Amino acid sequence: MKKINISLGKRSYKIIISSDRFNDICSFLPLRPGDNAMIITNQTLSPMYLNKFISLMKKSKIEVDYITIADGEQYKTLETINYIIGILLKRSHDRNTTLISFGGGVIGDITGFVAAIYQRGVRFIQIPTTLLAQVDASVGGKTGVNHMLGKNMIGAFHQPISVIIDTNFLLSLPPREFSSGLAEVIKYGIILDASFFQWIEKNIDLLMALNKDTISYCISKCCELKADIVSNDEYDFGRRSILNLGHTFGHAIEAHMGYGSWLHGEAISVGIVMAIRTSERLGQFNTKDINRIINLLQRAKLPIYGPVEMMSKDYLPYMIRDKKVISGKLKLILPSSIGVAEVKNNIPYELVLDVINKCQNIC
Ligand SMILES: NC(=O)c1ccc[n+]([C@@H]2O[C@H](COP(=O)([O-])OP(=O)(O)OC[C@H]3O[C@@H](n4cnc5c(N)ncnc54)[C@H](O)[C@@H]3O)[C@@H](O)[C@H]2O)c1
Ligand SMILES: [Zn+2]
């Protein structure tokens, strides 16, 4: 078992990473006998894990309730938030109820946002069950939902009181979803840590084969890298924004294609390729490293071309609306080499459109 600290003064918390400890899950929860908890999960996870989770909670004398919502990015909406709040009110949950997010990043973002606004804020715990949520979405307190006009356009910063990761949940995860999580793993290597990138190159086959020790190391490493960034820039005014490598492009794909049609990590994979190609055009990234990145994304079974249905002009409205745009100028996270990335302002639209065009065809 490994513990990683997120250092945020009074809002500090621990990420606990273990394998095959579902039976002991209550010993990791920061809850005591008699406490109230509300599990929020979805229709896919519920038949697999919910009954057992509830019976373990009951054994530990925790007053447990649950809400199961429909599965999918297309339900990450204000309507779902309103639905959950309605149930919390009808069942008389007050500010002493702790919400427990049990699922992937969608459930985590939804639960966190409800926790941020329900009765002006309640406590919540993250139990992420996808690779993507275990290495990224469950850590750092970004919560929220999508709007038709843009991804994650409604939300709040609200830190969980604990993140509990069990790598065994990944055994039931569909391979396409596992690959989606690898996009964020590869992202960490590109923006922050050249030797971790090299480690992923060496270990990608073991990761894809769900080797337990390799996965545990990988998740711990990603959480450590994210913990360091979040602990120093909780509200994303500075360095935290480099975690958005590929996301300005990727969010455009997710929104334009209809939420849920492209997985988040798939869209980010293409976004990463578009970002490094932009760096290349600006003369700050070498071809050998571009090939290493593209090769690794492909070995992780991730897409490297944008959707054929999208023209370059389709990206721009979303990119202009994305959070990474300040005063109408296009701002992008661009790597200068593997392991180093920076925020670049004032990138000409024409250059970006040209790069997108090329990434539809000849990447
Ligand atoms: N808040 C953040 O900092 C942050 C960071 C990155 C991504 N995100 C968000 O996370 C979301 C993507 O998260 P995701 O990739 O986890 O998608 P997801 O939550 O949609 O989960 C993917 C699929 O896997 C299923 N699933 C989950 N765990 C499973 C398991 N153990 N076994 C079998 N099936 C399982 C889910 O039901 C779903 O169908 C996006 O909305 C993205 O914007 C948030
Ligand atoms: Zn992401």
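What we have is a predicted model, in which local features need pLDDT of at least 70, side-chain atom pairs count only at pLDDT 80 or more, and totals for chains, interfaces and linings use all residues. Residues are numbered from 1 along each chain as its sequence is written, chains are lettered from A and ligands numbered from 1 in the order written, and side-chain values use heavy atoms, without hydrogens or water.

Let's start with the ligand. Around ligand 1 there are 27 residues, and Asp71, Glu73, Thr129, Thr130 and Ser172 come nearest; near means having a heavy atom within 4 Å. A polar side-chain atom of Asp71 is 2.7 Å from an oxygen atom of ligand 1, and one of Asn42 is 2.9 Å from an oxygen atom too. Ser172 places a polar side-chain atom 2.7 Å from a nitrogen atom of the ligand. On its own, ligand 1 exposes 860 Å², and the protein buries 91% of that; these areas come from the Shrake-Rupley method with a 1.4 Å probe.

Where does the shell come from? Domain 1 (2-172) and domain 2 (175-361) each give at least three residues, with bounds from an automatic or database domain assignment.

Helices here are DSSP runs of H or I, at least four residues, numbered from the N terminus. Is helix 6 largely enclosed or open? Since 15 of its 18 residues are buried, helix 6 is largely enclosed by the rest of the structure; buried means under 20% relative accessible area, with a 1.4 Å probe and protein chains only.

Technical notes: Buried means under 20% relative accessible area, exposed over 50%, partly exposed in between (1.4 Å probe, protein chains only). Helices (H or I, at least four residues) and strands (E, at least two) are DSSP runs, numbered from the N terminus. A polar contact is a pair of N or O atoms within 3.5 Å; within protein, one must be able to donate a hydrogen and the other to accept it, and residues adjacent in sequence count only if both atoms are side-chain atoms.
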